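Dear colleague,

I am passing on the structure we spoke about, together with some notes on its helices. Please read them with the coordinates open beside you.

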Amino acid sequence: PLILHGPRGVGKTTLILDRILGEWNKGPHLTGYVDFAQSIKDHHPNFDGSFPWYSWSSCELPSLSSCQTQLENCLESMAHKGIKLGTISSHQIFTTLNKWHGINTALRRILNQNASKIAISNKVSSSGLWDRAVFALSARFNASEIDGVLDFEEKGKSLSIDEASYFKEAIVALRLAKEVIKMQQKWRANAIADLNRSGRFSRSLANSCTDWPCLLLELLSQAAEIGHFQPKLVINNVEILCNAMLTDDSMVCGSMYHDSLIWRIIALGANERCLPVILVTSDSYYSYQAFMDFGFPDIFVSRETFGWTPQEAKMHMVTDYFTHAEWMVIDDVLGPNPRHLFEVYVLKQSNYYQKLMDDEASTFEDIVDAYLAYLQVTVVNPSMEKALSILQKFAIDARSGKILEHRLHFGAPWRHPPSSKDPTKCKEWAKIQLMDFVQSLVNAEFGVNYLADCSLEILDDPAAVALVEVGLLYAQRDPSFFRPISKGIQRCLARWLVQERMQLSYQNLLQYLWQRIMRGRSYRHLMLQVGYDKY
């Protein structure tokens with residue numbers, strides 16, 4: 001699989017939807033597009049919203065069953081297209097299904113449900129059972145419904161009876177395969193429910209939940225033919241699967257489903273052949289850590305994008321959207337992030353801007369400052385509160401012995417969380433830890449090379465992990481830097497630090513200064529230096 005990753009707001013979704021998807025659906029090309037964020041009404045363009053600056057984990061996430069249905073519907077529609085082109089047949093569906101699943105018992109039960117109660121000999125082969133089941137199922141389905149899937153109303157006159165029967169048989173066979181897999185999954189329902197209650201792991205049960213989409217992927221991959229049928233799959237915001245809500249016990253948890261799906265896509269490509277699968281994400285887990293978790297540094301094809309350079313952004317925006325003087329302010333304060341530029345331009349076109357410009361003392365800098373205040377209040381401050389809660393949970397886990405010893409090594413600034421269960425002291429400790437980390441980022445000029453000297457020490461820092469998890473920091477792959485997702489967010493982080501220092505009580509100020517002097521973080525040795533450029 002190819003992972004297209006980069007910080008938020010650099011234009012990954014725009015690239016796919018506006019530049020690529022149209023071309024990838026012309027001629028023999030067929031591209032399925034799945035956006036797991038599509039059902040999040042508050043933060044999706046389909047509902048007049050906009051993608052959030054912070055992590056999807058901070059939003060109200062969809063259910064895992066809705067994500068699964070979305071993926072399966074997309075793959076089924078692609079399979080229907082393959083059937084209409086004659087590249088997927090009933091025999092191919094049977095062969096692929098029978099290769100991975102024992103289907104005799106399920107086929108016998110389906111025959112008992114759909115046909116007369118005639119005893120079926122145990123000597124009947126799997127292919128014989130399959131043919132009988134396809135015939136029995138075709139009698140149950142509405143003929144006009146199948147014709148609608150195949151668009152027979154438009155081109156039925158040009159097809160012979162044998163051709164029409166061939167296509168209808170393939171459609172019924174696809175539905176039969178789905179019934180077989182769903183029936184087998186029902187047999188595992190109690191085991192999956194017990195797995196969810198106990199919190200254990202089972203690869204076979206996780207794979208049973210991804211059997212149907214992976215079977216469709218294998219069918220499409222086998223049917224691919226250059227110049228005739230070239231399917232592709234694009235999955236946007238794939239990280240949502242990890243945190244999707246589990247609404248019942250018929251499915252494994254989201255993280256297990258996510259891992260099983262990706263593992264099986266990798267295995268399909270390694271052992272058989274797999275259609276191009278492109279995973280689009282803004283989660284920096286997929287920039288480096290996912291490669292290690294799934295095997296080795298080159299297990300995925302990595303394409304990292306950071307959007308426009310300042311020169312490219314100036315070429316696109318100056319004179320058409322901003323004057324040269326306005327661009328100099330934007331470049332210095334916000335940087336070339338395309339989403340920042342779009343939002344500032346929308347603010348510039350608003351009535352607020354016109355009223356502000358009527359005041360002779362106002363300048364364009366006031367608009368940019370108002371936009372920074374908007375980012376501070378709606379994005380950074382809530383995300384820092386979420387990061388504080390993550391650090392408080394770390395302190396509780398450390399006190400109860402759930403944190404591995406190597407993360408609490410000698411000399412670690414976070415080695416001594418409060419021993420009492422007082423939530424106030426725990427929150428104060430978390431805030432001091434977060435302020436200490438942001439101050440160390442400021443001292444390192446907001447650029448820390450986490451692969452420098454191959455130490456990976458910053459990956460143990462709970463404050464760094466928390467800020468990456470809420471989406472304010474991005475761990476890029478090449479070069480390997482922790483950095484804020486944009487220059488605008490970087491300024492807001494510095495403002496947050498100044499604001500929190502001003503609000504500290506005298507006692508907390510002494511604790512903060514003690515932390516900085518005696519146990520304070522220092523990542524200046526991980527800044528980009530001569531000798532580290534090879535990373």
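In what follows, helices are DSSP runs of at least four residues, numbered from the N terminus. Please bear in mind throughout that this is a predicted model.

With that convention, helix H9 covers residues 189–198, and it is followed by Gly 199, which has a positive phi near 75°. Within H9, the buried residues are Ile 192, Ala 193 and Leu 195; viewed down the helix axis they fall within an arc of 160°, so they line one face of H9. Asn 190 and Arg 197, by contrast, are exposed and sit on the face of H9 turned away from its buried side. Among the elements that cover the buried residues of H9 are helix H10 (203–209) and helix H13 (254–271).

The other item concerns a pair of helices, H19 (residues 364–399) and H21 (residues 462–470), which pack with their axes 9 Å apart and at an angle of about 135°. Because angles between 115 and 145 degrees are neither roughly perpendicular nor roughly antiparallel, H19 is oblique to H21. The crossing in which H19 passes H21 is right-handed. On the H19 side, the contact is made by Ser 383, Met 384, Lys 386, Ala 387, Ile 390, Leu 391 and Phe 394, while H21 contributes Pro 462, Ala 463, Ala 466, Leu 467, Glu 469 and Val 470.

Methods. Residues numbered from 1 in each chain as written. Predicted model: local features only at pLDDT ≥ 70, side-chain atom pairs only at ≥ 80, totals over all residues. Heavy atoms only, no water. Axes fitted to C-alpha atoms, helices over the stretch in contact; angles between N-to-C directions. Helix = DSSP H or I, 4+ residues; strand = E, 2+ residues; numbered from the N terminus. Parallel < 35°, antiparallel > 145°, perpendicular 65-115°, else oblique. Left-handed = near helix turned anticlockwise from the far one by under 90°. Contact = heavy atoms within 4.5 Å. Buried < 20%, exposed > 50% of the residue type's maximum accessible area, 1.4 Å probe, protein only. Arc of directions from axis to C-beta.
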